[in-house]
Amino acid sequence: MSSNLQNLYRQVIMDHYKNPRNKGLIADAGYQDVHLKNPTCGDDVTISVKASGDVIDDIRHEGVGCAICCSSASVMSEVLVDKTFAEALHITDSFYEIVKGEDIADDLDEDDMGDAIVYAGVSQFPARIKCATIAWKAFEEAVAEVRKARD
């Protein structure tokens, strides 16, 4: 990855960290919260998900942690909203591959991933993969809880 691209990625991460999108939890009916904490580094995040049918209407986040953790939650809340559960979970799986240094899923492109693509550089710092993925893991759990509540 070129230094210009790395610099751009760093700028996107810092923008989402300093100016988080969709911060704060959902307060109205019909949502699911999931709280996860990484005790080894102190990242602590709660994700709220609200859906109509199989479409995600809103994703919110609250928590504390490093720039990678907090910015990743912000990015996730933008990338996955308005997607079906299946689409969002597929993008989530591809995000996990990206942070491990793998390619985007064949049927997705950088537009599908949005700003999530900037976490590709995390693969160079294996200890930071948990920081980048904790909000996404909480999202997956929230989707599972929403689905279970409907069954």
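Visitor: Where is the place of S48?
Guide: Residues are numbered from 1 along each chain as its sequence is written, side-chain values use heavy atoms, and hydrogens and water are left out. This is a predicted model, where local features need pLDDT of at least 70, side-chain atom pairs count only at pLDDT 80 or more, and totals for chains, interfaces and linings use all residues. Helices (H or I, at least four residues) and strands (E, at least two) are DSSP runs, numbered from the N terminus. S48 sits in residues 44-52, which form strand β2.

Visitor: Is S48 buried or exposed?
Guide: Buried means under 20% relative accessible area, exposed over 50%, and partly exposed in between, using a 1.4 Å probe and protein chains only. S48 has a relative accessible area of 0%, so S48 is buried.

Visitor: Which side chain makes a polar contact with the side chain of S48?
Guide: A polar contact is a pair of N or O atoms within 3.5 Å; within protein, one must be able to donate a hydrogen and the other to accept it, and residues adjacent in sequence count only if both atoms are side-chain atoms. The side chain of S48 also reaches the backbone nitrogen of I26, at 3.4 Å. The side-chain partner, at 2.2 Å, is D33.

Visitor: Is N22 buried, exposed or partly exposed?
Guide: N22 lies in the loop between α1 (3-18) and β1 (31-37). Its relative accessibility is 24%, so N22 counts as partly exposed.

Visitor: What is phi of D82 near?
Guide: D82 is in the loop between α2 (67-79) and α3 (85-99). Phi is positive here, in a residue other than glycine, and is near 70 degrees.
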